[in-house]
Structure formats: structure tokens, C-alpha cells
Amino acid sequence: MSTVDITMPSKRYKQKATIFMVSAILISIACIYLNFNPIMFFTEFHYVRDLLGEMFMPNYQMLYENTSTGVSILQTLSMAFLGTLYGGLLAFVLAFLAASNTMPYKAVRIVTQVFVSMLRVIPALVVVLIFVIAVGPGSFSGVLTLVIVTIGSFGKLFTEIIENAESGPGEAIFSVGASRLQVIRYSIIPQIMPSFIANLLYAFDVNMRAAISLGIFGGGGIGFQLQMAKSVLHYKDVTALITIIIVLVILVEKLSDYLRKKILGEGKLR
């Protein structure tokens, strides 16, 4: 009498099958709850085709017919610049209060770290909505939002940069009678300044993209003009503005990368 060996699924195979089934169930529940049907993209594609037909060709004549376009571009650049400048400087100061090698009082360090962490977890869209309600829509609310976002995003990074500075030069200065402020002035700041400037340039690149998005929600600039063109169904103007935004973002990114390479050297970006 012959026997038949039955190979049971391995434990690893069962785990993979369980993960797959649970994932499939969760995805199905989410799609049903949101009424999201990917097939509709293809069955209703004629709407996309009609929209694309209305968007082309882009109306670039608005660049010289409507002077507000150039003003909006300058507003967006100014928002990103001022948000980066003020936010970066405040983050720089807060980083010294949060770093363990520059602030001897633990309570001050903890309070500063918690404050920066709270700013970091608040979404930018929530911040701009608060400022739009508080000070009204426009570039001022956009700049204030970018200041908060920059402090939250780069405060912790600057703290880590300060804490990773070499302690040897500072200890040598301190041993000959220098005060803590003199140690910071002549030892730590010269070490971190190139990295600080390079990260500020990167922050300007990030804030430039954020400024465009914030403009759609009332933050002013070219993002606001894009929202206005969409709301009045001027789709050819929308296409022109989108292409202008893409070119603008690329130019700012390339300029930022070039300057950071000059400061940090090749292969040390980010």
C-alpha cells in the first residue's frame, strides 16, 4: 500500500497570504466607502479629453495683456524669500536654545524642543487657513505661514547641526577663559555657517513650491491667480499659468542646487 506525502503550506507562506488578504479587504472597504472606482477613469475619460481640448493652446498673451501676472510672480518669489529669511533666522536662534552643547539649562531646551515639534506637526494648510481668518487673504498671511513652516521644518535640523559641531575648538577657547557666548561666536558658528546657508537655500526652494500651493488657499501670489482663473473657467489661462509655475520652480531649483554646490561642494547636497 503506497502512501501519499502531503506538503502543508509553510508558516511564511501563511503569513504572506494573510497579509495579502487583509490588505485586499482594507483596500476594498476604502474604495467602497469613498465610492472610488478606477474603472470610471476610463469610462468617463471623454470628460478629461474635453477638458484638455479647452486647456490648449495656453493663453500666453495674458503675460503682457494682464500685468497682474508679473506682479503675482514677484509676490510668490517675495513670499518664499521673506518666509525663508525670517523663518530661518528664528529657527537659527531657537536651535541654539534647544541644542545641548549651547544651552546649559535643561528646562529651556525641553520647552524649545517641544515648541519646535509642535510647529512641525501642524500642516501648512491649517496654518494658512488660521492666518487667512486672522489677517485676511493675501501675501501677508502667506509669508506668516511660511515663517511658521520654516521654523518647524528646519528648527530640529539646525539643532542637530549645532550638536554635531566639533567640540575640540570650543573646549580650547573655553580653557583659556572664554565665555559661553564667545565659544559659540568663535567656535560653533564658523563651523555651522556653511551648512546653515546651504539649508536656507534648500528651504527657499521648498518654500517656493509651498508659496504656490498656499496661494490657492488665499495666500496670494501666482497660486491665487491660478485659483481665480480656474474659478471663472478660463482654462487656457490656467494652462499658461501652470507652465509658468513649472518653469519658475525648475529655475529656482537649479539656482538653489548651483549655489549649494558652491557652498558645500559636489556630492554634499542635503
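**A buried aspartate and its partners**

Let's start with aspartate 205, which is buried, its relative accessible area being 2%. Keep in mind as you look around that this is a predicted model. The side chain of aspartate 205 meets that of arginine 209 in a salt bridge, at 3.4 Å from N to O. Both residues sit in helix H10, four residues apart, or about one turn of the helix.

Through shared partners, Asp205, Arg209 and Glu253 join into one network of salt bridges.

The structure holds three salt bridges. One of them links the side chains of lysine 156 and glutamate 160, at 2.7 Å from N to O. You will find both in helix H8, four residues apart. Lysine 156 is partly exposed at 40% relative accessibility, and glutamate 160 is partly exposed at 33%.

Now turn to helix H7, which covers residues 124-135. Here Val127, Val128 and Val132 are buried. Seen down the helix axis, the buried residues of H7 fall within an arc of 135°, so they line one face of the helix. They pack against helix H8 (139-163) and helix H10 (180-219). On the other side of H7, Ile133 and Ala134 are exposed. Just after H7 comes glycine 136, with a positive phi of about 90°.

Technical notes
Residues are numbered from 1 along each chain as its sequence is written. This is a predicted model: local features need pLDDT of at least 70, side-chain atom pairs count only at pLDDT 80 or more; totals for chains, interfaces and linings use all residues. Side-chain values use heavy atoms; hydrogens and water are left out. Helices (H or I, at least four residues) and strands (E, at least two) are DSSP runs, numbered from the N terminus. The expected span of a helix is 1.5 Å times one less than its number of residues. Buried means under 20% relative accessible area, exposed over 50%, partly exposed in between (1.4 Å probe, protein chains only). The arc is that of the directions from the helix axis to the C-beta atoms. Contact means heavy atoms within 4.5 Å. A salt bridge is a side-chain nitrogen of Lys or Arg within 4 Å of a carboxyl oxygen of Asp or Glu.
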